[in-house]
Amino acid sequence: MIKLDDVISEVSRFRDLSITRMQGYKRTRDFVYPRQEFTFLARELTDCSVTLIGEHINRDHTTVIHSISQVKKRIKKDPEYAQEIAQMRRAIQAKKPIGAVRIMLCKSGPRHTRPAPNATLAQHT
């Protein structure tokens, strides 16, 4: 299960920035880019809504949508940046236990996701 806390802690570790600063209100590039990376990875790796992701970093859902868009643009333009995002993604996923039913912990509570109806248990372990 990947939690928002897992994502934000990995991005803050990778960018050498405290979680408190990532959740802060400074809008300089040094703080905005890691926040945007967090939103992108959180949306990609969890089932949390953009509203919940935004609440985790004290931002509005529209800011999260914009941030995700910005990261996607940078990934297309800069292969080195794309590798950094992929490296963060792998580090986050390496911490995730794999099982037949995953529980994604968002602030609203657990959300269960089930395997596809025709999938076997072996495909999900």
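**Entry 1: helix 1 and helix 6.** I began with the handedness of the crossing and found that helix 1 passes helix 6 in a right-handed sense. The model I am reading is a predicted one. I then looked up the extents: helix 1 covers residues 4–14 and helix 6 covers residues 79–94. Their axes come within 10 Å and cross at roughly 135°. Angles over 145 degrees would count as roughly antiparallel, and 65 to 115 as roughly perpendicular. I therefore recorded helix 1 and helix 6 as oblique to each other.

**Entry 2: residues of this contact.** Helix 1 contributes Asp 6, Val 7, Glu 10, Val 11 and Phe 14. From helix 6, I noted Glu 84, Gln 87, Met 88, Ala 91 and Ile 92. By class, the residues of the contact divide into six nonpolar, one polar and three charged.

**Entry 3: order of elements.** I next turned to the whole protein chain, which holds six helices and two strands. Read from the N terminus, the order is α-α-α-α-α-α-β-β.

Entry 4: I looked up the totals for the protein chain. It has 125 residues, of which 35% count as buried.

Note on methods. Residues numbered from 1 in each chain as written. Predicted model: local features only at pLDDT ≥ 70, side-chain atom pairs only at ≥ 80, totals over all residues. Heavy atoms only, no water. Helix = DSSP H or I, 4+ residues; strand = E, 2+ residues; numbered from the N terminus. Buried < 20%, exposed > 50% of the residue type's maximum accessible area, 1.4 Å probe, protein only. Axes fitted to C-alpha atoms, helices over the stretch in contact; angles between N-to-C directions. Parallel < 35°, antiparallel > 145°, perpendicular 65-115°, else oblique. Left-handed = near helix turned anticlockwise from the far one by under 90°. Contact = heavy atoms within 4.5 Å. Nonpolar A, V, L, I, M, F, W, Y, C, P; charged D, E, K, R; others polar.
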